[in-house]
Amino acid sequence: MWKKALSAALFATGLAASPAAWAEAPEPYQITPELEAAAKAEGKVVFYTATDVAVAEKLAEHFKTKYPEISVQVERAGSERVFQRIGQEYSTGIYNADVIETSDAVHFEYFKREGWLEPMVPQEVADKWPADERDPDGNFAAYRAHLSVMAYRTDLMQEADAPKTWEDLLDPRFKDKMVKAHPGYSGTVMTSTFVLSQLLGWEYFEKLGKQNIMQVQSSTEPPKKLAQGERALEIDGNEYNVFRLIDEGKPIKIIYPEQGTPLAVGNAAVLKQAPNPNAAKLFYAFLFSADAQQLNSDFGGLRSFHPDVKEKAGRTPLAQIKILHSDPAKLEPEIPTIKSNYEKYFGT
Amino acid sequence: MIMTSNVQVQGRRRGIDLSWPTFALLTLVLSVLVLLPLFWLAFYSFRSDTGGGVTFDNFIALVADPTLVRAYGLAIGMALAVGLLSCLVATPMAWLVARTDLPGRRMIRMLVTASFVTPPFLGAIAYEILAAPNSGIVNIIYRYLFRLDSSAYLVNIYTFTGLIFAIACFTFPYVFTLVANALDKVPSDLEDASSILGGKAMTTLRKVTIPLVLPAMLAGTLIAILQALTMFGSPAILALPAGFHVITTKIWSLFQFPPRLGLAAAAALPLLIITVILLRAQKSILGRKGYTVLGGKSGTPRITELGPWKWVAIAFVFCVLSLTILLPYLAILKTAFTGTVGDPINLSTLTLRHWKFVLFEFSATQLALRNTFLLGFLTATAVTAIALIVSYLVTRRSVPGSGFLGLLATAPVAIPGIVLGVGLFLSYANPTFQLYGTIWILLIAFMTIELPAGYQQMSSAFSGVHPELEEAGRIMGASRLRTLWDITAPLLRTSVVAAWCFVFVGTIRELSATILLTTANTKLVSVIIYDLNESGDLGAICVLGMILLAASFAVVFVANRVPVLGGSQMNARG
């Protein structure tokens with residue numbers, strides 16, 4: 001379906017799409033002095049990311065303290081916007097990006113099928129990552145994960161009044177009080193809309209759409225609207241942004257309903273046409289290093305698949321939360337339906 | 001310079017005039033600029049998004065798809081309301097400034113012009129900060145004053161009416177400027193005649209003055225309507241949170257990957273047609289010159305003394321200026337220096353962290369600033385140069401058929417930014433041209449968008465310079481381009497500078513075409529502001545907005561002061 005739609009577009013002409021069938025993942029690689037030297041000679045790496053801009057820039061800064069000779073250009077947008085951008089660029093023969101990362105797992109299945117990715121496996125990933133959190137063919141691996149959570153302002157809403165289940169959100173007492181991100185922009189919300197529509201059916205969203213919700217775009221934004229005090233309750237939004245705001249002292253509390261909370265996995269990969277292939281390879285290995293993953297957890301509030309990462313005290317460990325997983329293979333054909341239903345019920 | 005001196009030599013020896021080649025070249029360039037995107041737009045609107053081939057599906061969807069129809073309905077309703085509101089506010093204000101003894105009139109005119117420099121999307125963001133129902137500063141103060149609970153609010157910007165208000169704040173200067181200028185020129189003898197025949201002040205106003213400026217009012221209102229209809233930034237910032245699309249945001253959403261280019265092209269066409277109709281309406285209204293008396297030969301306009309009404313007038317003008325300039329700018333200033341929008345201002349909340357983030361941590365800042373100002377300079381210079389030559393050829397009728405050139409230079413005014421963006425994307429984002437991803441596609445877009453404004457200004461300036469001076473130059477043996485460069489251009493210095501500034505400011509605040517044409521390496525400040533808005537980083541936006549505004553004001557100021565560019569004349573004429 002997507003393939004068809006794409007080839008219809010004019011872009012397709014410029015596309016050398018050769019669905020690659022990799023027998024197995026390439027040998028894991030380590031950061032060698034040769035790789036570092038080659039990367040320094042390139043002097044630059046371009047990182048397309050959907051992680052919150054402050055977190056991504058912090059990570060880039062950390063990379064630069066290790067390799068001051070290599071500048072990192074962070075291009076942050078919502079997952080679906082990153083996907084749109086790379087799609088437009090690749091179909092018109094523009095190869096700007098070195099390393100790409102979004103929170104919509106479907107994208108990476110798509111990139112892989114189109115043959116846009118360069119398979120490579122950093123040693124750290126080979127040694128420490130769970131097998132189901134990396135591509136068997138070595139095209140990509142789960143760089144981060146985060147939940148899409150309900151959360152509320154403790155000063156604007158009593159704990160007793162706060163919702164306990166997803167259906168509670170349909171209660172008239174929450175009308176005008178909620179904020180929500182958009183699945184057409186955010187991969188996290190695309191994933192969570194999919195799993196919740198499976199769990200609760202579209203009637204749930206139809207009713208939710210009548211609650212006069214403030215509609216924002218990125219899943220980084222609902223937590224920021226809570227922090228501003230613009231709304232008292234977020235329906236979805238990045239858990240890691242909430243963690244960061246709690247760390248800053250904002251009166252916000254997360255709700256993990258018993259029915260489960262949707263999980264978004266953010267994969268990362270190196271692009272085949274990367275203009276700075278060595279810097280990309282180095283940066284990619286850096287992304288999965290214990291160092292970077294720990295920084296993501298401490299500063300960014302992201303969940304990590306690195307077993308050595310220590311989570312800050314006070315955060316509910318993943319093991320104690322019921323998680324709703326999404327299957328990208330099942331999600332992909334549903335995307336047009338999700339978009340059109342969403343527009344029907346929420347207006348945009 | 002080298003080229004022109006060659007021209008001179010050739011011109012003398014062989015009597016060859018470069019008018020023809022210039023004319024041909026310009027016709028070609030302008031045709032490519034204007035017609036190519038429109039051709040592809042039309043082509044794609046008949047192309048199926050799913051299988052290629054010719055189809056009418058896209059046009060059927062235009063009527064059958066309720067989301068598209070609703071987006072058009074809302075956009076038209078919004079635009080009409082914006083036009084009406086702009087007219088209602090701007091007309092009395094223009095009259096007060098042009099025809100009464102209101103104190104500080106020149107200052108008021110300047111401030112209204114300042115609100116033209118403010119990009120509308122920045123204004124929309126400022127109003128998010130001011131008038132969001134819960135965290136909006138106005139609502140916080142309201143609740144505090146009346147000791148209301150947290151669910152009460154006075155104003156909500158995330159509504160249809162809120163959107164209309166936020167757009168009108170930045171479109172009313174169009175009506176204001178046109179009406180104020182018209183009032184300046186209404187001859188006082190007609191008004192005197194009315195008074196002599198026994199008409200009271202109000203009767204004269206109602207029966208003489210208002211009918212005389214009615215065309216200017218209507219024309220200004222139509223421009224405001226047009227601006228609102230084709231605006232992308234403000235609706236994207238205010239309408240989407242409220243849960244509705246207008247047509248520009250809807251077209252933008254069609255670019256989500258995989259893009260539906262055919263539908264986007266078809267959805268853009270009615271916008272183009274509406275714009276053409278509105279512009280024709282404007283032309284036919286303004287064209288009735290016998291009705292408007294814009295001769296300006298009969299004395300200074302009569303000034304009405306306000307007397308006790310002065311205070312009411314001052315209150316009204318102050319209110320308008322606060323809403324359009326003072327409050328938004330204060331909101332931006334406050335947000336740039338405090339932690340989050342809802343924070344009160346005190347020593348503990350004051351912070352430079354947004355500045356630190358934008359200036360030192362955010363890697364897109366430098367690139368975007370450089371691109372923005374580079375493109376601003378390039379576009380302003382190129383457009384002013386082209387507009388100068390085109391308006392010379394057209395007003396002096398030096399080449400038969402030059403009227404066509406004028407038409408080409410004006411035509412882009414009918415192409416809304418987002419439509420042009422779609423058209424240019426279709427024209428140049430393919431493996432043949434590969435302009436997408438470079439700043440050249442943006443330069444082409446900006447030149448096309450700004451050409452009509454530049455041309456309009458230059459051609460009106462040309463009609464003010466008598467050709468006899470040029471004839472003298474020609475008699476002495478200089479070629480046309482040489483006389484243009486040596487005689488006419490210096491005489492037009494102030495107009496050239498004004499046109500340059502106008503185009504520069506217009507380029508810097510452009511978002512609707514830009515949003516479809518930028519990539520990572522061709523980021524502009526307007527686009528990163530939009531990106532940051534989508535992730536809710538208001539503090540960083542306000543810092544960037546302040547840098548953008550400061551730089552725009554600085555450029556305009558410098559351009560008007562540099563003596564070589566005719567700064568002193570500008571001052572003398574006021």
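Modeller: Two strands pair if DSSP finds at least two bridges between them, where strands (E, at least two residues) and helices (H or I, at least four) are DSSP runs numbered from the N terminus. What follows concerns a predicted model, in which local features need pLDDT of at least 70 and side-chain atom pairs count only at pLDDT 80 or more, whereas totals for chains, interfaces and linings use all residues. Residues are numbered from 1 along each chain as its sequence is written, and chains are lettered from A and ligands numbered from 1 in the order in which they are written.

Biologist: What makes β6 and β7(A) a pair?

Modeller: Strand β6 (residues 178–180) of chain A and β7(A) share two bridges in the parallel sense; the criterion is at least two bridges, so they count as paired. Within this pair, Val179(A) stands opposite Met214(A) in β7(A).

Biologist: Why is one side of β7 and of β9 in chain A left without a neighbour in the sheet?

Modeller: The five strands form an open sheet of mixed pairing, in the order β7-β6-β8-β5-β9 (chain A). Strands β7 (214–215) and β9 (252–255) of chain A stand at its edges with a single partner strand each, so one side of each has no neighbour there. Helix α10 (residues 239–247) of chain A packs on the sheet, touching β5 (150–153) and β9 of chain A, a contact being two C-beta atoms, placed from the backbone, within 7 Å.

Biologist: Why is chain A called as compact as a globular protein of its length?

Modeller: Chain A contains 13 helices and eleven strands. Its radius of gyration, taken over C-alpha atoms, is 20 Å, close to the 20 Å that the globule rule (2.2 Å times the number of residues to the power 0.38) gives for 348 residues, so the description holds. Along the principal axes, the C-alpha atoms of chain A fill a box of roughly 60 × 50 × 30 Å.

Biologist: How many residues of chain A count as buried?

Modeller: Of its 348 residues, 54% do, meaning that 20 or more other C-beta atoms lie within 10 Å of their own.

Biologist: Which residues touch the most other members of the largest nonpolar core?

Modeller: Among its 275 residues, they are Phe283(A), Val179(B) and Val422(B); such a core joins buried Ala, Val, Leu, Ile, Met, Phe, Trp, Tyr and Cys residues through C-beta atoms within 7 Å. Helix α4 (residues 66–99) of chain B supplies the largest share of this core, 17 residues. Phe283(A), leaving aside residues up to four places away in sequence, touches Val45(A), Phe47(A), Phe63(A), Asp98(A) and Val99(A).

Notes:
Buried ≥ 20, exposed ≤ 12 C-beta atoms within 10 Å, placed from the backbone. Axes fitted to C-alpha atoms, helices over the stretch in contact; angles between N-to-C directions.
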